[in-house]
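Here is a quick tour of one protein chain, taken a few spots at a time. Keep the structure open next to the text and follow along.

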Amino acid sequence: MNRSHTHLRLSRAALTAACAVAVVGLAAGPAAAHAEVTASDPRALAENVTLSFASEAESDTAGIAELRVVLPKGIAPDTVALKDAPEAWKLTATPDGYAIGGPALATGTDAEYSITVRQLPDEKSLAFKTLETYSDGKISRWIEVPADGEKVDNPAPVLKLKAAAPGAKPLAPSASPSPTPSSAPAPEQSAAAPSAPGASASASAQVSGAEEAGSSTGATVGVIAAVLLLLAGTFWSVRRNRGRA
């Protein structure tokens, strides 16, 4: 009898523990799967790395139409290129990262895509803050970065990096493309053309002012000449009258 009761108690304890583990798993599972990132070479200073992203669909009524990602420090938007994405989706660089999207995915379909990065920075971890926009306008913000192992409600995708390979060094920033000869203005045109709309307006104002000044000076000279002629005529008439007298 005692063995039976003991066995029953152990069974109940095991069942309770299993339920507790299942509850914890259900609570932690979705939070970890909302938005994830993996790398083909998760090492600091690794070059030409493929980053794969997966954003879980949460809406029961709308599909994901766009993702906006803020790149971590050390990855410039112009060093990122799209590798794979849902059909008709395109990637557009933004001042702080990129936006990728297109026709809304079917309801319940996760958004999965990959990009290539010229080089990963020399860091221990990288956070890719992500905004998910659904076809009905709803936005999910996965932008929180956990610190010291704490749990957050809206975690951003975080990529943990290993130490850099021996001899790895940061690459020089990519140079901006120079203008082609056909698009570059000729030296004579560059010198003659105003440097800015403001400069053009200022030059126009100066020309207009000079023309107005010239016109005013001409009018003044004409008036003086007329007065002198009038005085000369009057003086000659007076002398003539005196001579007759």
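His 34 sits in the loop between α1 (2-33) and β1 (35-39). Keep in mind that this is a predicted model. Is His 34 buried or exposed? With a relative accessibility of 11%, His 34 counts as buried, because the cut-off for buried is under 20%. Its side chain is joined to that of Glu 58 by a polar contact of 2.8 Å. If you skip the neighbours within four places in sequence, the residues in contact with His 34 are Ala 54, Ser 55, Glu 56, Glu 58, Glu 132 and Trp 142. So the polar partner, Glu 58, also turns up in that contact list, because contact means heavy atoms within 4.5 Å.

Now zoom out for a moment. The protein chain has 3 helices and 11 strands. Read from the N terminus, the order of elements is α-β-β-β-β-β-β-β-β-β-β-β-α-α. The chain has 245 residues, of which 22% count as buried. Which share of the contacts between residues at least 6 apart in sequence joins residues at least 24 apart? That share is 69%.

Next come the aromatics. The count is 3 aromatic pairs. Take Phe 53 and Tyr 113: the ring centres are 5.1 Å apart and the planes meet at 10°, so this pair is stacked. Phe 53 belongs to strand β2 (residues 47-55) and Tyr 113 to strand β7 (residues 111-119), so the pair ties together parts that lie 60 residues apart in sequence. Phe 53 is buried, at 5% relative accessibility, and Tyr 113 is buried as well, also at 5%.

Tyr 113 has another ring partner in Tyr 98. Here the centres are 6.3 Å apart and the planes stand at 85°, so the pair counts as edge-to-face. This pair also links distant parts of the chain, with Tyr 98 in strand β6 (residues 97-101) and Tyr 113 in strand β7, 15 residues apart. Both Tyr 98 and Tyr 113 are buried.

Strand β2 has another residue to look at, Thr 50. At 13% relative accessibility, Thr 50 counts as buried. What does its side chain make a polar contact with? The partner is the side chain of Lys 83, at 3.2 Å. Leaving out residues up to four places away in sequence, Thr 50 touches Thr 38, Ala 39, Ser 40, Lys 83, Ser 114, Ile 115 and Thr 116.

On to the loops, with Lys 73 to start. Lys 73 is in the loop between β3 (64-70) and β4 (80-84). Lys 73 has a relative accessible area of 74%, so it counts as exposed.

Most residues other than glycine have a negative phi. Leu 45 is not a glycine, yet its phi is positive, about 65°. Leu 45 is in the loop between β1 and β2, and at 9% relative accessibility it is buried. Ala 88 likewise has a positive phi, near 75°. Its place is the loop between β4 and β5 (90-94), and at 52% relative accessibility Ala 88 counts as exposed.

Here are some of the accessibility values again, side by side:

| Residue | Relative accessibility | Class |
|---|---|---|
| His 34 | 11% | buried |
| Leu 45 | 9% | buried |
| Thr 50 | 13% | buried |
| Ala 88 | 52% | exposed |

How many of the lining residues are nonpolar, polar and charged? The lining of the second largest pocket splits into 9 nonpolar, 4 polar and 3 charged residues.

Notes:
Residues are numbered from 1 along each chain as its sequence is written. This is a predicted model: local features need pLDDT of at least 70, side-chain atom pairs count only at pLDDT 80 or more; totals for chains, interfaces and linings use all residues. Side-chain values use heavy atoms; hydrogens and water are left out. Rings of Phe, Tyr and Trp (its six-membered ring) pair if their centres lie within 6.5 Å; planes under 30 degrees apart count as stacked, over 60 as edge-to-face and the rest as tilted. Helices (H or I, at least four residues) and strands (E, at least two) are DSSP runs, numbered from the N terminus. Buried means under 20% relative accessible area, exposed over 50%, partly exposed in between (1.4 Å probe, protein chains only). A polar contact is a pair of N or O atoms within 3.5 Å; within protein, one must be able to donate a hydrogen and the other to accept it, and residues adjacent in sequence count only if both atoms are side-chain atoms. Ala, Val, Leu, Ile, Met, Phe, Trp, Tyr, Cys and Pro count as nonpolar, Asp, Glu, Lys and Arg as charged, and the others, Gly among them, as polar.
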